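Hi everyone, thanks for making time this morning. Let's have the model up on the screen, and then I'll walk you through its packing.

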Amino acid sequence: MPERYSHPPNDVHDGVPLVNHLGDVAERVRYVIPADAKTPAGEPLRAVVETLAYVHDFGKATTYFQDYLLRSKEPRYEQYRYHAPLGSFAAYYALSAQNFDSETCLAGFVAVAKHHGRLPDVAAYVFSRANRRENVSRGSQNSAELQQAAIAKQLKDIDEHAPELAREVFQSATDGEGSWSSFRGSFRELLTEVKRSTGSSATTINRETLSERCYGLVLECWGSLVLADKTSAAAAASGSDASAGTYDAEKPTFERLDEYIESIERTADADRDGNRSERLNFLRAKARTSVLSNVESFADTDGGVATITLPTGMGKTLTGLSAALSVRDRVGGRRVVYALPFTSIIDQVVAEVEGIYQVDTTGRLLTAHHHLSEATIVDESDESADEADANDDVAGMLAESWRAGMTVTTFVQLLESLAGPANRQSMKLPALRDSVVVLDEPQSLPLDWWKLVPRLVRMLTEQYNATVIAMTATQPQLFDDATELVSEPETYFEATERVQYELDDSTTRYIESREEPKSYTEAASAIVDETAEANGTNSDEAGETESVLAICNTIDSAQALTAHVTESLSDAISVGSVYADVLESTDRDSTDTEVTTVAERVADAGGQPVLHLSTRLRPVDRLRLIETAKLLTERSCSLVVVSTQLVEAGVDISFDRVYRDLAPIDSIVQAAGRCNRSFERDRGRVVVWWLEAPDEQTKTPSEAVYNRGTALLPVATETLDDIGGGEGTIPEAAVSKTAVEEYYRRLHDEKNVGKDAYVEYVNEARADELGELSLIEQRRSVEVVVCRTATERKRVEAARVAWRDYEFERGRQLMDSLKEATVSIPIYRSDSEEAQALSGLARIHEDTETRWIDTRDVRHDSYFDSTTGLVAESSVDNRIL
């Protein structure tokens with residue numbers, strides 16, 4: 001018998017015999033799935049997926065596929081070369097022969113059928129693939145019947161040309177409980193058995209017979225098989241073998257974290273000098289001790305879902321990490337997944353973990369995974385890790401599969417991978433087994449997902465044996481049976497009152513009549529007056545330096561307020577312009593040295609610094625400008641920052657005064673977390689106002705963003721009015737605890753937020769519908785690489801050359817390296833001003849919509865502003881994601 005290959009010989013290697021590949025994938029399954037993992041029916045999950053591994057590519061044994069693989073010879077009938085359909089029926093047979101539960105057999109059938117694709121509507125797919133009508137002429141066969149006829153022809157071909165291989169495969173797949181001859185001879189009866197597993201009749205699909213755990217089981221089987229299969233193929237391409245170490249993680253130790261935190265806490269003394277900063281450190285230590293004490297009883301009662309509810313500035317990141325590592329060690333967990341809502345704050349968490357453990361994100365302890373990151377796990381001893389091609393990148397696969405001991409990622413990566421993952425996304429699912437998942441700031445989740453997320457979390461805790469910890473200052477009450485790990489959290493809110501809230505007259509007018517929002521001229525005047533008084537301009541003696549943060553709801557609004565503030569100041573200094581001068585003078589990627597230089601130049605200039613922040617700035621510039629702002633505020637510089645919502649979560653800067661455009665209460669509280677953060681003064685002020693619509697727009701930014709779908713502003717403002725009693729000034733604890741809890745109660749009870757249909761999709765294994773969902777509102781966008789340094793210009797040119805020369809791997813790597821210099825512009829209509837303006841920019845290569853500009857090119861002057869970033873007409877729909 002001629003050799004049957006799974007992957008053909010080429011100039012690099014001799015090809016992979018099919019039997020070797022099947023055995024290697026089965027071996028890798030043993031490393032991917034823990035021995036104690038069970039299916040919902042209590043069966044060993046590892047044995048199930050090993051069975052799938054042995055047959056998933058069995059259809060490649062046909063002469064039809066081998067001709068296609070080795071000689072690029074198309075068979076007379078295209079369907080004869082497809083291998084997954086035959087493999088799926090072999091999977092069902094092999095599992096059934098071993099007496100696995102019928103739903104387990106069904107999950108295996110779908111996992112193999114789609115090991116190169118996306119998951120379907122499970123019941124409908126199985127019905128369509130297994131449905132067979134009697135006495136139907138060949139000319140009137142439907143697609144399923146044509147496929148069944150093709151499988152029958154494939155079975156005959158294998159029996160004639162590779163019977164020994166078939167016997168060996170089925171001996172391994174069924175552990176001797178079945179055989180090739182039995183499978184081949186009972187294929188017609190198998191069709192009936194497969195269809196019957198869904199409870200469907202000859203003409204009607206029945207989803208009700210599927211258990212609520214079916215979808216989770218399909219995900220587990222599919223994700224584990226895809227991971228083992230893809231890494232096997234990648235390893236074959238690079239000449240490496242399977243081993244347990246390939247998938248192992250290096251665990252970040254609790255002890256190392258504990259030592260780091262203790263080194264910080266040694267300076268905390270609640271009574272010494274009565275210092276408020278020391279008091280805050282004492283409360284942070286007390287809260288962490290409380291959490292760790294409660295972790296013990298939580299873990300001993302089989303875990304599940306826990307919450308950490310603490311005020312902003314109480315060190316939730318370190319406390320949450322401490323809880324996660326402690327739970328992991330107590331329940332025998334394997335990995336920690338730390339998920340955040342925004343990419344803008346991931347780097348801060350990653351940098352802190354890197355500092356604690358003295359590692360970077362390329363090893364087995366820590367991975368950063370989001371759309372701007374180039375995730376990779378490279379062992380120092382693995383000299384062959386970068387020999388695989390773009391689709392067979394072992395190091396990248398391992399990182400994207402979350403095999404490190406800790407992965408810091410986004411809600412998008414985590415929850416969309418559970419809800420309706422693409423094929424490659426599914427590879428991370430096995431890492432979630434026995435994991436501890438931290439959800440940082442869960443109130444940021446879209447309202448439509450508020451019923452789906454608890455359902456996905458239940459799947460995690462019940463089927464993946466994971467533990468979930470949700471932590472925030474504003475718990476959205478998503479989880480009914482969650483255990484609060486902070487003893488008496490209200491005491492921390494009362495003890496850490498740092499601000500007072502004020503409702504501007506414009507907000508009062510919104511509550512009473514929905515009329516007369518505040519103009520940008522009035523808002524700018526209020527901001528300028530505050531800084532002027534603080535600097536002694538309007539008083540006999542200079543007062544304390546005032547730093548001001550104004551948070552707007554849209555990019556247009558932030559740009560309008562920035563312009564009015566700048567125009568109102570005679571000595572305004574654009575921090576963005578100073579940054580641009582420093583960047584241009586060094587002509588290289590921004591570093592900490594450049595950030596320090598910018599801060600020094602701004603401080604020495606003697607005027608009033610103004611900084612604008614939005615997603616129109618490149619990601620790398622946003623991070624550096626935020627660091628610059630932090631340095632300036634730490635040096636007591638009177639700084640005005642006008643920003644979109646990107647500063648609300650995880651940005652560790654403290655301002656004396658915060659202005660927030662009208663928003664839901666949780667957003668207002670998050671904004672307040674940037675005010676008087678470390679008790680620099682007795683009380684900071686958080687003013688809530690209602691800004692007017694920018695030019696040529698009909699709705700105010702607040703209404704445009706927060707009253708789409710579920711109208712959130714009436715609920716928020718009525719709650720604030722009820723809690724504040726119409727006084728205008730509201731104590732912090734009344735807002736951060738009482739108002740927040742009442743606001744969420746009203747959303748759940750009165751607005752019934754969350755889509756019930758999304759939960760039904762999970763219960764009915766509707767992967768097709770789940771795959772259409774996204775945490776991010778999907779719109780067409782244009783990606784623009786903004787080149788500001790010589791390095792970036794060289795990378796763009798190198799990428800253009802790589803694509804021209806068909807060096808696709810190098811092209812992709814270079815494009816990945818430019819992500820931090822890329823700005824994404826939403827396109828709402830193909831005939832919009834944004835689309836028209838950006839259409840004139842050159843593409844990096846003809847096969848992509850990614851375009852680029854060079855800020856030194858005079859032809860691009862109109863596309864870039866050093867203060868506000870990439871210039872394009874925008875819409876009130878622009879949100880910070």
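The largest nonpolar core here has 215 residues, and those with the most contacts inside it are Phe 183, Leu 432, Leu 439 and Trp 449. By nonpolar core I mean a set of buried Ala, Val, Leu, Ile, Met, Phe, Trp, Tyr and Cys residues joined through side-chain atoms within 4.5 Å; buried is under 20% relative accessible area, exposed over 50%, and partly exposed in between, with a 1.4 Å probe and protein chains only. Helix H11, residues 214-238, gives this core its largest share, twelve residues. Helices (H or I, at least four residues) and strands (E, at least two) are DSSP runs, numbered from the N terminus. Apart from that core lies another, of 20 residues, including Ala 524 and Val 687.

A quick word on the ground rules. This is a predicted model, where local features need pLDDT of at least 70 and side-chain atom pairs count only at pLDDT 80 or more, while totals for chains, interfaces and linings use all residues. Residues are numbered from 1 along each chain as its sequence is written, and side-chain values use heavy atoms, with hydrogens and water left out.

Now, which residues does Phe 183 touch, leaving aside its neighbours within four places in sequence? Among them are Leu 86, Phe 89, Tyr 93 and Phe 170, with contact meaning heavy atoms within 4.5 Å.

That brings us to the aromatics. There are 19 aromatic pairs in the structure; rings of Phe, Tyr and Trp (its six-membered ring) pair if their centres lie within 6.5 Å, and planes under 30 degrees apart count as stacked, over 60 as edge-to-face and the rest as tilted. Phe 89 and Phe 109 are edge-to-face, at 5.0 Å centre to centre with 80° between the planes. Phe 89 sits in helix H4 (residues 84-97) and Phe 109 in helix H5 (residues 102-113), 20 residues apart. Phe 89 is buried at 0% relative accessible area, and Phe 109 is buried at 0% too. The ring centres of Tyr 93 and Phe 170 are 6.0 Å apart with planes at 55°, so that pair is tilted. Because Tyr 93 lies in helix H4 and Phe 170 in helix H8 (residues 163-174), the pair ties together parts 77 residues apart in sequence. Both Tyr 93 and Phe 170 are buried. Finally, Phe 58, Tyr 93, Phe 170, Trp 180 and Phe 183 form one aromatic cluster.

Thanks, and I'm happy to take questions!
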